[in-house]
Amino acid sequence: SPGPEFLKFELLLDDQQGRLSGNDVTIELADIPAADLSFDIDSSGVGPLQVGETFILDLSVTNAGPASATGGLVGMNLPAGLTSVLFVGDGSYNTSTNEWTFTDPLLSGSSATGQLFVQIFTPDPIALSGEIIASDQNDPDSTPNNGATGEDDYDEASFDANGAPIISGPIIVNVTEIRSTP
């Protein structure tokens, strides 16, 4: 871990007005502990989908430390055709804004997890994404809410439905003719 950072500048002020001139001032910036956060969407359990079906995404935020993370928030980008229905897990999820406030504090070396239940309303291919959009601590290898897909605080998943709607309720079949074949 690098040591403290220093900022050095010279004051050039006029002595005749009661101010100092030509003095060096060194200011030590306080070390801000880092929390190396990463975000993951696991969609491996999602099988073939039908329009109207609800499926589950496993979400996780991991803190590789060294500091605990506070003020953590994940923003989910659910495009048209997908609706969040329910969240079960660590922290809370706002289905209106699609934001997950994960465990606070999230200790170094631990993870916050949750299951997001999502309903699909289109047969078209859909990509969704999520990113850590806020944290009170600096992250040494990613910047919250910058949309950089190559950083470890961002993840995405893609889906499509086969277009066949889910039928709920009784299914009635009328048979008008039965033929046997030789």
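In this predicted model, the protein chain contains 13 strands and zero helices. Read from the N terminus, the order of elements is accordingly β-β-β-β-β-β-β-β-β-β-β-β-β.

Overall values for the protein chain describe its burial, contacts and surface. Of its 182 residues, 31% are buried. Where contacting residues lie at least 6 apart in sequence, 70% of the contacts join residues at least 24 apart. The accessible surface amounts to about 11,200 Å², and carbon and sulfur atoms account for 51% of this area.

An open sheet is built from four strands, arranged in the order S3-S5-S10-S7 with antiparallel pairing. At its edges lie strand S3, residues 35-42, and strand S7, residues 82-89, each of which pairs on one side only. From one strand to the next, the twist averages 25 degrees. In general, strands of a sheet pair through backbone hydrogen bonds, in either a parallel or an antiparallel manner.

| Strand | Residues |
|---|---|
| S3 | residues 35-42 |
| S7 | residues 82-89 |
| S10 | residues 111-120 |

Key. Residues numbered from 1 in each chain as written. Predicted model: local features only at pLDDT ≥ 70, side-chain atom pairs only at ≥ 80, totals over all residues. Heavy atoms only, no water. Helix = DSSP H or I, 4+ residues; strand = E, 2+ residues; numbered from the N terminus. Buried < 20%, exposed > 50% of the residue type's maximum accessible area, 1.4 Å probe, protein only. Contact = heavy atoms within 4.5 Å. Areas by Shrake-Rupley, 256 points an atom, 1.4 Å probe, with all protein chains shown as cover. Pairing = 2+ DSSP bridges. Axes fitted to C-alpha atoms, helices over the stretch in contact; angles between N-to-C directions.
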